[in-house]
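Subject: Structure handover

Hello,

Here is the structure I promised to pass on. Please open it beside this email and follow along.

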Amino acid sequence: MTRPAPANSAENPWPVRAVATRVAKWIDRLGAVWVEGQLTQINLRPNARTVFMVLRDPAADMSLTVMCSADLVAAAPVKLAEGIQVVVCGKPTFYTGRGTFSLRVSEIRAVGIGELLARIDRLRRLLDAEGLFDPRLKRPIPFLPGTVGLITGRASAAERDVTTVAAARWPAVRFAVRNTAVQGPTAVPQIIEALRALDADPEVEVIVVARGGGSVEDLLPFSDETLCRAIAACRTPVVSAVGHEPDNPLCDLVADLRAATPTDAAKKIVPDTAAEQALIDDLRRRSAQALRNWVSREERALAQLRSRPVLADPLSALSARAEEIHRARSALRRDVTRLVAVEADRIGHLAARLATLGPAATLARGYAVVQTVSASGPAAVLRAVDEAPAGTRLRIRVSDGAVAATSEGPTDGR
């Protein structure tokens, strides 16, 4: 009966060969697997029977060492080069002598254009569903940025087009250029690193990602999911100027502004000095004309006001009213005088009648008024002889005064 091996512990460690052998056995159980990735390194030596390559995941910083026969590389459906997307079938292998892991490839297939476009379309729908293409998230491009960040290839036509056209339009523009790979396996990490550096620079107000035209494989890094998410995470507005007019990588949809070409991007990030000067001249001309029109309109309004009678001869109304007042005063004076004369005549007639009918006139004709004077009461007019017995004190009023008398009693004479 075989006794079981003692358990692994600090007191009973396994030797390196035992660990390597066990790992090799576990990996050997995986069998053949299909793997997709991007070739980033091909080590093809003359007369060598084995070719070593590196297969990288374009969406993550991970890679595998791949080896295959030279005949398999020569018989590949497309010429293998760095940056190409491939699907390989291989068997995972762990080499116990060096403790390394690799993939022994037995078949290589190139990813077709149709498959690449289908994958880009699936990624586009995914990012769209997450809202990365929402127009409400687009940040406005500053009218006149102080410093423009430019990410492009070294000494590329895109860099020349952007800087030359922008400087011709606005000579004071400044650029912070970051040269990176714009195709191949190293393009995405370099562009993301430059993007983050420019986004962290407080002087950079807009970032331009520029590249000339190319095939779908050449522009594939600009449809990378990691790069698209990095653009969406930027706080600085990003302008995408990748390829030509028909090209439409996913970074165009994520960026805040899409330019058809690098030249078009230069026209969109800075204004044209000549056009702005012409606009200013036109605005000055229009404002001056508007001011002159306003002055002319006000002058006509003042002339119309001054031509009105009330302003042309302001005293005419007062003169007309003065004449009316003079006529009214004359009529009033005439009416008052006539009224006073009529009333004076009426009063004269009444006075004459009163004088005629009054006691004074009667007394003047020789009549007298006799009153009895009583010590205990007021004087009373004597109306009968019986009211004046002998000894009654009398007061006789004539036309020019009154005399006192004493009654001697009634007499028989008439």
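Start with Cys89. Its sulfur lies 12 Å from the closest cysteine sulfur, in Cys68, which is too far for a bond. A disulfide is a covalent bond between the sulfur atoms of two cysteines. To count as one here, the two sulfur atoms must be within 2.5 Å. Cys68 is in no disulfide either. The structure as a whole holds zero disulfides. Keep in mind that this is a predicted model.

The cut-off for buried is under 20%.

Next, strand β4, residues 85-95. This strand is mostly covered: nine of its 11 residues are buried. Which strands does β4 pair with? One is β1, residues 33-43, joined to β4 by six bridges. The two run antiparallel. Find Val33 and you will see Gly90 of β4 opposite. Another partner is β5, residues 100-110. Here 10 bridges make the link, and the strands again run antiparallel. Val88 stands opposite Ile108 in β5. β4 and β5 form a hairpin, with four residues between them. Look at Gly99 in the turn: its phi is positive, about 65°.

Five strands form an open sheet, in the order β7-β6-β8-β9-β10. Their pairing is parallel. Which strands sit at the edges? They are β7 (174-179) and β10 (257-258), and each pairs on one side only. Further in, β8 (residues 204-211) is joined to β9 (residues 238-242) by five bridges. Within that pair, Val208 has Val239 of β9 as its bridge partner.

Helix α5, residues 187-200, packs on this sheet. The helix touches β6 (147-152), β7 and β8. Its direction makes about 175° with that of β6.

How far does α5 reach? From first C-alpha to last, its 14 residues reach 20 Å. That is close to the 20 Å expected at 1.5 Å a residue. Its buried residues are Ala187, Val188, Ile191, Ile192, Ala194, Leu195, Leu198 and Asp199. They are on the same side of α5, because they cover an arc of only 165° around the axis. On the other side, Glu193, Arg196 and Ala200 are exposed. What covers the buried residues? The cover includes β6, β7, β8 and α6 (225-233).

Finish with helix α4, residues 157-169. Its 13 residues should span 18 Å at 1.5 Å a residue. The end C-alpha atoms are 18 Å apart, which agrees. Buried in α4 are Ala158, Glu159, Val162, Val165, Ala166 and Arg169. Seen down the axis, these buried residues fall within an arc of 160°, so they line one face of the helix. Their cover includes β6, β7 and β8, along with α8 (262-269) and α9 (273-307).

Best wishes

Note on methods. Residues numbered from 1 in each chain as written. Predicted model: local features only at pLDDT ≥ 70, side-chain atom pairs only at ≥ 80, totals over all residues. Heavy atoms only, no water. Pairing = 2+ DSSP bridges. Contact = heavy atoms within 4.5 Å. Axes fitted to C-alpha atoms, helices over the stretch in contact; angles between N-to-C directions. Expected span 1.5 Å × (residues − 1). Buried < 20%, exposed > 50% of the residue type's maximum accessible area, 1.4 Å probe, protein only. Arc of directions from axis to C-beta.
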